[in-house]
Amino acid sequence: MRILVTGATGLVGKSLCENLKKDPENVVITIQRDIVKENTSSDYVVLGSIDDPDIARRAVCDYEVNEIYHLASQSLVRICANDPVSAYRTNVIGTVNIMEAARVGSNHVK
């Protein structure tokens, strides 16, 4: 099973990746803005941001993803209040991009 996890560097995402990796049949793909030095929880990392539709589409289609766990968000109120455009791009545009990528790659995505 090829599984895409967004928000894999967060608390919930990291734990999810670690649990998914317990099954040797799973291949975990993540979208990350930066390489994390201690990233042992994913097999493949797509460098970029989910607010870029090409990154989301490439992650889903190029890796023939079967499942998607979309956990990426900006949830800290103070950051959202100070930079609402960035929060909008991540929370809204990022979600639309992941949904569109799933639609385009629908022959593989459950």
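A pocket here is an open set of points, on a 1 Å grid over the protein atoms alone, with protein on both sides within 12 Å along at least five of seven lines, and its lining residues have an atom within 4 Å of a point. The largest pocket is lined by 25 residues, and Gly 7, Thr 9, Arg 33, Ala 72 and Ser 73 lie nearest its centre. The model is predicted: local features need pLDDT of at least 70 and side-chain atom pairs count only at pLDDT 80 or more, while totals for chains, interfaces and linings use all residues. Residues are numbered from 1 along each chain as its sequence is written, and side-chain values use heavy atoms, with hydrogens and water left out.

**Largest pocket**
- The volume of the largest pocket is about 480 Å³, taken as the space filled by probe spheres set on the grid points.
- Two or more lining residues come from each of α1 (11–20), β2 (27–32) and α4 (84–104); helices (H or I, at least four residues) and strands (E, at least two) are DSSP runs numbered from the N terminus.
- The lining has ten nonpolar, twelve polar and three charged residues, where Ala, Val, Leu, Ile, Met, Phe, Trp, Tyr, Cys and Pro count as nonpolar, Asp, Glu, Lys and Arg as charged, and the others, Gly among them, as polar.

**Sheet**
- Four strands form an open sheet in the order β3-β2-β1-β4, with parallel pairing; two strands pair if DSSP finds at least two bridges between them.
- β3 and β4 are the edge strands, each pairing on one side only.
- Strand β1 (residues 2–6) runs parallel to β4 and is joined to it by four bridges.
- Val 5 stands opposite Tyr 69 in β4.

**Aromatic pair**
- One aromatic pair is found in a search of the whole structure; rings of Phe, Tyr and Trp (its six-membered ring) pair if their centres lie within 6.5 Å, and planes under 30 degrees apart count as stacked, over 60 as edge-to-face and the rest as tilted.
- The ring centres of Tyr 44 and Tyr 63 are 5.2 Å apart and their planes stand at 40°, so the pair is tilted.
- Tyr 44 is in strand β3 (residues 44–47) and Tyr 63 in the loop between α2 (53–62) and β4 (67–70), so the pair ties together parts 19 residues apart in sequence.
- Tyr 44 is partly exposed, at 38% relative accessible area (buried is under 20%, exposed over 50%, partly exposed in between, with a 1.4 Å probe and protein chains only).
- Tyr 63 is also partly exposed, at 22%.

**Loop between α2 and β4**
- Glu 64 is found in this loop and has a phi near 50°, a positive value in a residue other than glycine.
- Most residues other than glycine have a negative phi.
- Glu 64 counts as partly exposed, at 42% relative accessibility.

Conventions. 1 Å grid on protein atoms, 1.4 Å probe; cavity = no way out; pocket = protein on both sides within 12 Å on 5 of 7 lines; lining within 4 Å.
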